[in-house]
Amino acid sequence: MARDSDKRNFALREDGTESSVFSGGTPRQAALKAARRLDPAGSEAEAERQEIRLREKGTHKVHIYEAWAWVEEAPADKPDWMPGDITKGNVSKQGVEHLDDI
């Protein structure tokens, strides 16, 4: 398990503003967290793919992902506190962009 010092922070960029911050050991881990916040579809096949951009805090790198989310039934052995349906997400990396204006 990664220690806190191994985690990096990534800011979600929308229209030049940074609205949310997601942490993770890798950019993909943070992107998966951000993908779960998208409006979920009924299944993975129906999910609409959207572009998300995450700027790594302290750098000029923006990681660009194609992301999608969907709703699935929770597993049968779920804990009591877990709801019956859960949101799952997936991402596909499109590239990295370097900003000049930060």
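Q: What makes the charged end of Arg49 count as sitting over the ring of Trp68?
A: In this predicted model, the charged end of Arg49 is 3.7 Å from the ring centre of Trp68. A charge sits over a ring if NZ of Lys or CZ of Arg is within 6 Å of the ring centre and within 35 degrees of the ring normal, so the pair qualifies.

Q: Why is Arg13 called buried?
A: Its relative accessibility is 17%. Buried means under 20% relative accessible area, exposed over 50%, partly exposed in between (1.4 Å probe, protein chains only), so Arg13 counts as buried.

Q: What makes the side chains of Arg13 and Glu18 a polar contact?
A: They come to 3.0 Å. A polar contact is a pair of N or O atoms within 3.5 Å, where within protein one must be able to donate a hydrogen and the other to accept it, and residues adjacent in sequence count only if both atoms are side-chain atoms.

Q: How do you know that the buried residues of α1 are on the same side?
A: In α1, Pro27, Ala30, Ala31, Ala34 and Ala35 are buried. They cover an arc of only 140° around the axis, which puts them on the same side of α1; the arc is that of the directions from the helix axis to the C-beta atoms.

Residues are numbered from 1 along each chain as its sequence is written, and side-chain values use heavy atoms, without hydrogens and water. Local features need pLDDT of at least 70 and side-chain atom pairs count only at pLDDT 80 or more, while totals for chains, interfaces and linings use all residues.

Key:
Helix = DSSP H or I, 4+ residues; strand = E, 2+ residues; numbered from the N terminus.
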